[in-house]
Amino acid sequence: MIDAFRANSMKILWTQWGLDEYDLLNMPPSFLYGFSDDGTQATSFGSDMGTIGNISLGRKLMRGSWNAQSWGDLYTSQQSGLAAGTDFYFNKNRLSGLWGAETPLSMFLKENGLTTLFFGGVNIDQCVWSTLVDAYFRGYDVILVDDISATVSPYYTNQMVDYNGLLDGWVTNSSVILADL
């Protein structure tokens with residue numbers, strides 16, 4: 001879908017965790033707890049995640065760390081799109097890329113006159129859903145592309161997203177979109 005959007009001059013927007021030190025100082029306790037492995041700040045945002053083999057995972061969800069990058073082939077695709085100028089990247093400091101009065105993503109959407117947004121990614125029930133709902137509340141037309149989204153959460157969370165997605169916008173799959181491009 002990414003390649004088809006690029007071929008049709010559609011902007012590809014990537015938003016991922018990218019915390020900085022300021023974000024850590026202003027993170028609500030509930031977020032620190034929710035992203036902790038053991039209920040303490042020592043294993044929450046910004047903590048060292050160690051290594052897997054010879055890969056340093058970096059500090060948890062910090063800007064530039066390996067663990068805050070797109071996964072696998074998506075990272076390669078993202079980097080080539082950024083270099084070509086077809087793709088745009090936005091760090092976020094909450095589940096939603098549109099959390100707060102103004103974010104780099106919200107400013108980009110306004111400046112470029114974008115009104116319809118297609119959503120896909122992980123985790124569908126957390127980051128994808130949060131950004132989609134915030135976009136809906138801001139007046140954007142939102143379309144969830146179900147087959148390019150996933151989660152590690154229980155199955156019923158997907159059902160919740162699909163059900164509510166039909167109330168707050170549209171839910172479709174990539175084959176329908178690709179057939180119309």
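Student: Hi! What covers the buried residues of H4?

Tutor: The cover includes helix H1 (2-7), strand S1 (12-17) and strand S4 (87-92). Keep in mind that this is a predicted model.

Student: Thanks. Which residues of H4 are buried, then?

Tutor: Ser77, Gln78 and Gly81 are the ones to look at. Around the axis they take up an arc of only 100°, which means that they sit on the same side of H4.

Student: And which residues are exposed on the other side of H4?

Tutor: There you find Thr76 and Ala83.

Student: Quick geometry check: how far apart are the end C-alpha atoms of helix H4?

Tutor: They are 17 Å apart. Helix H4 runs over residues 73-84, and at 1.5 Å a residue its 12 residues should span 16 Å, so the two values agree.

Student: What happens just after H4, at Gly85?

Tutor: Gly85 adopts a positive phi there, about 85°.

Student: Changing topic to rings. How many aromatic pairs does the structure hold?

Tutor: There are 8 of them. One to look at is Trp17 with Phe45: the ring centres are 5.2 Å apart and the planes meet at 40°, so this pair is tilted.

Student: Where in the fold do Trp17 and Phe45 lie?

Tutor: Trp17 belongs to strand S1, while Phe45 is in the loop between helix H3 (29-34) and strand S2 (51-52), so the pair ties together parts 28 residues apart in sequence.

Student: Is Trp17 buried or exposed? And Phe45, buried or exposed?

Tutor: Trp17 has 8% relative accessibility, so it counts as buried. Phe45 counts as buried too, because its value is 5%.

Student: Which residues do ring pairs link into a cluster?

Tutor: The cluster is made of Trp17, Phe31, Phe35 and Phe45.

Student: Which other ring has the charged end of Arg94 over it?

Tutor: That would be the ring of Trp99, with the charged end of Arg94 4.2 Å from its centre.

Student: Last one: where does Ser65 lie?

Tutor: Ser65 is in the loop between strand S3 (55-56) and H4. Its relative accessibility is 8%, under the 20% cut-off, so Ser65 counts as buried.

Student: What does the side chain of Ser65 reach?

Tutor: It reaches the backbone oxygen of Arg59, at 3.3 Å. If you leave aside neighbours within four places in sequence, Ser65 is in contact with Leu57, Gly58 and Arg59.

Note on methods: Residues are numbered from 1 along each chain as its sequence is written. This is a predicted model: local features need pLDDT of at least 70, side-chain atom pairs count only at pLDDT 80 or more; totals for chains, interfaces and linings use all residues. Side-chain values use heavy atoms; hydrogens and water are left out. Helices (H or I, at least four residues) and strands (E, at least two) are DSSP runs, numbered from the N terminus. The expected span of a helix is 1.5 Å times one less than its number of residues. Buried means under 20% relative accessible area, exposed over 50%, partly exposed in between (1.4 Å probe, protein chains only). The arc is that of the directions from the helix axis to the C-beta atoms. Contact means heavy atoms within 4.5 Å. Rings of Phe, Tyr and Trp (its six-membered ring) pair if their centres lie within 6.5 Å; planes under 30 degrees apart count as stacked, over 60 as edge-to-face and the rest as tilted. A charge sits over a ring if NZ of Lys or CZ of Arg is within 6 Å of the ring centre and within 35 degrees of the ring normal. A polar contact is a pair of N or O atoms within 3.5 Å; within protein, one must be able to donate a hydrogen and the other to accept it, and residues adjacent in sequence count only if both atoms are side-chain atoms.
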